[in-house]
Amino acid sequence: MSQNAPALTVYGADWCRDCLRTKRQLDELGVAYDYVDLVADPAQADAAERISGRTNIPVVVFPDGEHQVEPTNEETAAKLTALGLI
């Protein structure tokens with residue numbers, strides 16, 4: 001996947017430690033992603049809740065349409081590996 005085509009979307013906020021941890025992990029792994037800042041664009045919180053059915057963040061949406069809510073680094077790495085992204 002090219003750097004111009006993010007593999008996934010992360011819905012999060014800068015006050016959320018899990019969001020910061022997930023972003024740091026993706027950056028360290030070199031996985032491209034679109035970041036939806038729910039502080040800058042609060043209306044997107046509804047989209048994140050529709051995807052996950054929950055209000056928890058981060059919500060990570062993968063290219064296969066599956067998502068994770070508040071994933072551990074291990075869960076994210078396992079999914080990225082299964083998709084061949086790392």
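The following conversation concerns a predicted model of a single chain.

Visitor: What is the average pLDDT of the chain?
Guide: The chain averages a pLDDT of 93, and 94% of the residues score at least 70.

Visitor: Where is confidence lowest and where is it highest among the elements?
Guide: Confidence is lowest in helix 2, residues 44-52, with a mean of 96. The highest value, 98, belongs to strand 3, residues 59-61.

Visitor: How many helices and strands are there?
Guide: The chain has three helices and four strands. Read from the N terminus, their order is β-α-β-α-β-β-α.

Visitor: Why is the chain as compact as a globular protein of that length?
Guide: Its radius of gyration is 12 Å, close to the 12 Å that the globule rule gives for 86 residues, so the chain is as compact as a globular protein of that length. The C-alpha trace spans about 30 × 25 × 20 Å along the principal axes.

Visitor: And what share of the residues is buried?
Guide: Buried residues account for 36% of the 86 residues. The accessible surface comes to about 4,900 Å², and 47% of that belongs to carbon and sulfur atoms.

Visitor: Which share of the contacts joins residues at least 24 apart?
Guide: That share is 56%, taken among contacts between residues at least 6 apart in sequence.

Visitor: Turning to charge, how many positive and negative side chains are there?
Guide: There are 7 positive and 14 negative side chains, and the centres of the two sets lie 3 Å apart.

Visitor: Now F62. Where does it lie?
Guide: F62 is in the loop between strand 3 and strand 4, the latter being residues 67-69.

Visitor: Is F62 buried or exposed?
Guide: F62 counts as buried because its relative accessibility is 3%, under the 20% cut-off.

Visitor: What is F62 in contact with?
Guide: Beyond its neighbours within four places in sequence, F62 is in contact with A7, L8, H67, Q68, K79, L80 and L83.

Visitor: Where is K79 found?
Guide: K79 is in helix 3. K79 is buried, with a relative accessible area of 13%. Apart from neighbours within four places in sequence, K79 is in contact with F62, D64, E66 and Q68.

Visitor: What separates K79 from T55?
Guide: The C-alpha atoms of K79 and T55 are separated by 22 Å, and the two residues are 24 apart along the chain.

Visitor: Which helix holds L26, and what does L26 touch?
Guide: L26 is in helix 1, residues 17-29. Not counting residues up to four places away in sequence, L26 touches L8, V10, V31, Y33, T76 and L80. L26 counts as buried, at 0% relative accessibility. From L26 to L8 the C-alpha distance is 9.9 Å, and the pair is 18 residues apart in sequence.

Visitor: A change of topic: what about the backbone, say the peptide bond from I57 to P58?
Guide: The peptide bond from I57 to P58 is cis, with omega near 5°. P58 is in the loop between helix 2 and strand 3. In general, most peptide bonds are trans.

Visitor: And what is phi of E70?
Guide: Phi of E70 is near 50°, a positive value in a residue other than glycine. Most residues other than glycine have a negative phi. E70 is in the loop between strand 4 and helix 3, residues 73-82, and E70 counts as partly exposed at 32% relative accessibility.

How values were computed:
Residues numbered from 1 in each chain as written. Predicted model: local features only at pLDDT ≥ 70, side-chain atom pairs only at ≥ 80, totals over all residues. Heavy atoms only, no water. pLDDT = per-residue confidence, 0-100. Helix = DSSP H or I, 4+ residues; strand = E, 2+ residues; numbered from the N terminus. Rg over C-alpha atoms; globule rule 2.2 N^0.38 Å. Buried < 20%, exposed > 50% of the residue type's maximum accessible area, 1.4 Å probe, protein only. Contact = heavy atoms within 4.5 Å. Areas by Shrake-Rupley, 256 points an atom, 1.4 Å probe, with all protein chains shown as cover. Lys, Arg positive; Asp, Glu negative; His and termini not counted. Charge placed at Lys NZ, Arg CZ, Asp CG, Glu CD.
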